[in-house]
Every structure is written in C-alpha cells, then in structure tokens.
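Subject: Structure for you to look at

Hello,

Here is the structure I promised to pass on. Please open it next to this email and follow along.

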Amino acid sequence: MDLFSRTWAALRAAVADLSDEDLGRPSGCTGWLVRDLVCHLIVDAQDVLITLATPSDREPTRDELTYWDVSETPPTGDDPLDALTVRLAAAYEDPGLLKFHLDDVGSAAGRAALLADPAGRIGTRDEVLTVGDFLSAYVLEWTLHHLDLIAHLPGAKLPPAEGLLRSREMLERIAGGTFPSSLPDADALLIGTGRRAPTGAEQAELGDLASRVPLYLG
C-alpha cells in the first residue's frame, strides 16, 4: 500500500508540473495526447474510489497478477471508450481545470487507499480481490502510465525506482520469464508491454522471453 501511494503521488506530481503545451503533446498511449491520458487517470482514480467502497463477502477470484486481462493484440486507439476519453479531455477548455480535477479526485483516491484494510475484500468488474492485491495491481498501472505520460517529454523524471522494479517483477511473473539483467527496468516495461520495439541486440538478449512478449494489459 505504501508503494501504491508513492507511485500515485509521483504520477500526480508529474501531471501537476505539465505546461499547457505539454498537455497537447503525444503520449505513449496509441491515439492519445497527454491531456487524454490525464483524463483517463481521472477515471482510474474514480475506479479506485468506487472499488474501495464496494466490499464483498465472496472469496477472491483474482489477485494482483490475474487482475489483468492479457492480450497479444496491440490497442488501436479505436475503442469506443478510448474515443470517449478523447472527447471528455477536449471538453476541459481550460487545461488547469483538467489538472485540478485529477488532483482533487486523485488525492481522495490516495487517502482512501491509506485508510483501507489490505486484507479486506472488494469487488470490481464482477471479480473479487483483496484490497492489497487491487492496490498492488495499480502500482503497475501507475508506473506504466507514468512512462506513457513522459514518453515525448524530454528530461522528465522517471517513475520511482521501487515502482519500476516492482512493476518489472509483476510483468515477469505474468509473462512467465525474466528480462535480461542488462535491460533497465523502464526499458523492460516498455518492451514487455509493446510500448517500444526492442533493438536487435535487446531482442537477442530476451532469449525465450522474446516469444512471450509483448503483452498488452487491460
């Protein structure tokens, strides 16, 4: 839960530092500008709040790894929900309002996470997880989207090192293989989730894992 808080706080701080010009740059998400990604983060924060307020007495059906629906097909940006996000983001005529909304809802989501019982059971998407597993899954979400946010912002700070390492470990467990130690955590995540193609040398170093990645998490 502490790692959830640190990665989420770092991502929100990165958004707070964005200029109006930055919001109009491409993001690392196919078809989305940075402002569209920020709008998606607002929806993510709402999801955290709703899920933490949805207790369940059923046995868990998923954990921090099986929370993800894994696909071998890359996103096209044509999904109706993706298009809705773009329209919602454009409706914020004042970029400052978009950043304010994320800070407002995001801060509430962060506080709710700190107050939640890690062993408690919660429901989302017709599945049940413990609070701890749900928030752990979101460490990967925050870290990947932090990388998406800064994809075309030269000089921007990377996500927290501990979040990168933890996300790499989770992605390796999902993929069933280990990235070469020569590959930095951020690059392992970018390559492993199809956010960038490996170089020839990196492809060779991936070994057996090359046939299992990239994986697209939804």
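Below are some notes on one helix, one surface patch and several salt bridges.

This is a predicted model, in which local features need pLDDT of at least 70 and side-chain atom pairs count only at pLDDT 80 or more, while totals for chains, interfaces and linings use all residues. Residues are numbered from 1 along each chain as its sequence is written, and side-chain values use heavy atoms, with hydrogens and water left out.

Start with helix 6, residues 131–149. Helices (DSSP runs of H or I, at least four residues) and strands (runs of E, at least two) are numbered from the N terminus. The expected span is 1.5 Å times one less than the number of residues, so helix 6 with its 19 residues should span 27 Å, and the 26 Å between its end C-alpha atoms agrees. Of these residues, 17 are buried, so helix 6 is largely enclosed by the rest of the structure. Buried means under 20% relative accessible area, exposed over 50%, and partly exposed in between (1.4 Å probe, protein chains only).

His145 lies in helix 6 and is buried, at 8% relative accessibility. Its side chain makes a polar contact with the side chain of Asp148 at 2.9 Å. A polar contact is a pair of N or O atoms within 3.5 Å; within protein, one must be able to donate a hydrogen and the other to accept it, and residues adjacent in sequence count only if both atoms are side-chain atoms.

Now the salt bridges, where a side-chain nitrogen of Lys or Arg is within 4 Å of a carboxyl oxygen of Asp or Glu. The whole structure has 16 of them. One joins Arg121 and Glu59 (3.2 Å, N to O). This pair links distant parts of the chain, 62 residues apart: Arg121 is in strand 2 (residues 121–124), and Glu59 is in the loop between helix 3 (34–52) and strand 1 (70–71). Arg121 is partly exposed at 29%, whereas Glu59 is exposed at 54%.

Another salt bridge pairs Asp185 with Arg168, with the closest N and O atoms 2.8 Å apart. Asp185 belongs to helix 8 (residues 185–192) and Arg168 to helix 7 (residues 161–175). Here Asp185 is partly exposed at 22%, and Arg168 is buried at 8%.

A network of salt bridges also links Glu64, Arg166, Glu169 and Arg173.

Regards
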